[in-house]
Amino acid sequence: MISPTAIGRRIAPLLACIGLLAAWQVAALALKNDSFPTALEAMRAVPAILGDKEALINILASLRRMAIGFAAAVAVSIPLGLLMGRSRAVAAFFNPLLMVIYPVPKAALMPIIMLWLGVGDIAKTLVIFLGVSLPVIYHSFEGAKAVEEKMLWSGAAMGLSAAQRLIRIVLPAALPEILTGCRTGLVLALITMITSEMIARQSGAGNILFNALDMGQYDTVFAMIIIVGAMGIGLDAAFERVRARLVRWSEPQFDMPLSFS
Amino acid sequence: MKVLPSRSNGMVAQVPTRQPATAMIEIDRVSQVFQTSARKDHLALSDISLTIEEGAFVSILGPSGCGKSTLLYIVGGFVSPTSGSAKMKGKTITAPGPDRGPVFQEFALFPWKTVLGNVMYGPRQQGVRDAEAAAQSRALIEMVGLKGYENFFPKELSGGMKQRVALARTLAYHPEVLLMDEPFGALDAHTRTRLQNDLLNIWERDRKTVLFVTHSVDEAVFLSDRIVMMSRSPGRIRQVVDIDLPRPRRRTELLLDPRYQKYVVDIERMFDDGDEAGLNP
């Protein structure tokens, strides 16, 4: 039996989507502006884009860069954040560096990175890597710092070495916090992906979007926004499912899950 | 929870401290200084010397802030003393080890592991095969009265149940000494009493050496062979009291026993005198 509130929670995001599209449709019809197609017109352009081989290759190239940038960032940031959280020396070394990098918009670094690495995959992937790294480092650091001392002592009494304690106690204990960082990182990966392609116009989903804008194909522009938005929602929902499974042992932090899962 | 089988009353209940005892733990002139701020030092423990014999149940009793937990952490190897030394079977303690098993007031269970996973953790770490570790752990879980809860996560358990798991988890790797740091301090009075009874029942089976930190006089008298009374600022040993009560001890019988009552009253008076003398502000 699914309770009525559970059903409500499931269909609420769907209703929000429909509401948003309806409001868009009404606004576009009322304004009658060439550069503002209706929701239906934009949605009609979606299959055209997804059916185009060139466009698909571009979108897949974007997703590949995003996946590589995200994976690399997570692989580096989790160990670094955990080490910072458990070692004062490591934290003292990296903290000033990160404090300087943190508030700088990563897209602002794009011109320099392009200058050094060109407009290809490496430059764009690097920007994604930088965008994802900071929230993951921050949350891993906070998670590691909050691990109960007595839990580590219990492990030490069982004969776990310092390295074993880091991997087998600090990592799982901090996992809920780490995954919160990863979730923020995933959305940031999508944002930096589009931004990087906006600046280095060579390939990718962002490139299609801005090329269409240049050529005045507004239905394509809005269709791309729908596609990128749907990708974001889909990725976030998928990640939230994985996250919920991995940390089902932990005390719930929010009553209302902020997700579409 | 079912009543655990204990040793029959027919057996002679020897008080372990009276046996020709060998020293398990020797604490030798231990002092501990904590830096509270840049220029202020706080003397948490001052010149503590204490010997704990094998198989003895020794409680450290004192007001909060007397350094009794710190003393236990030093024996555990979790904290290094500023001066002096603690020895286990003649060897100076420098680090934690599976020969000394802690049970903390905060339970400190691994929340990502089930009850069974928690209890199996120590034996697995020591290289016991999975099937064997699981079988031993299941038996221990049954012994602490949690049969049927093997696959529960800690968040699904009450405080008392969590502490039972913590005790089973520590017993699972067969430490020679149990280090119990106010283990029942976070529990309600009813749960606390039940756990005290069960702890005694379990302890009376194999008589491990126990170092038990508490601020409850009743608890210390009920459980211990010997009580080390501490005062604070700085933490010192005020007095050591041997508790000469027969074992196995039954709570209901003991509460009516004038000898038990006298111990409790005497110890409380001693602490009160200390208050008047400014020893326990």
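Arg243(A) counts as buried because 20 other C-beta atoms lie within 10 Å of its own, and 20 is just what the cut-off of 20 or more asks for. The model discussed here is a predicted one. Within it, Arg243(A) sits in helix 10 of chain A, the element that runs over residues 218-246. Once the neighbours within four places in sequence are set aside, Arg243(A) is in contact with Leu179(A) and Arg183(A). Another pairing across the sequence involves Leu175(A): this residue and Arg243(A) are 68 residues apart along the chain, and their C-alpha atoms are separated by 9.3 Å.

The secondary structure of chain A comes to 10 helices and zero strands, so that the pattern read along the sequence is α-α-α-α-α-α-α-α-α-α. Taken along the principal axes, the box filled by the C-alpha atoms of chain A is roughly 70 × 60 × 30 Å. Chain A has 261 residues, of which 37% count as buried. Among the contacts in chain A with a separation of 6 or more, 73% come from residues 24 or more positions apart.

Chain A also meets chain B, and the contact takes 14 residues from chain A and 21 residues from chain B. On the side of chain A that touches chain B, helix 7 (residues 149-157) gives the most, with six residues. By type, the residues of that side of chain A divide into eight nonpolar, three polar and three charged.

Which residues of helix 3 of chain B are buried? They are Ala133(B), Ser137(B), Leu140(B) and Ile141(B). Because these residues cover an arc of only 100 degrees around the axis, they lie on the same side of helix 3 of chain B. The partners against which the buried residues of helix 3 pack are helix 2 (115-125) and helix 4 (159-171) of chain B. On the face of helix 3 turned away from the buried side, the exposed residues are Ala131(B) and Glu132(B). Just after helix 3 of chain B comes Gly145(B), which takes a positive phi of about 85 degrees.

Definitions and conventions: Residues numbered from 1 in each chain as written. Chains lettered and ligands numbered in written order. Predicted model: local features only at pLDDT ≥ 70, side-chain atom pairs only at ≥ 80, totals over all residues. Buried ≥ 20, exposed ≤ 12 C-beta atoms within 10 Å, placed from the backbone. Helix = DSSP H or I, 4+ residues; strand = E, 2+ residues; numbered from the N terminus. Arc of directions from axis to C-beta. Contact = placed C-beta atoms within 7 Å. Nonpolar A, V, L, I, M, F, W, Y, C, P; charged D, E, K, R; others polar.
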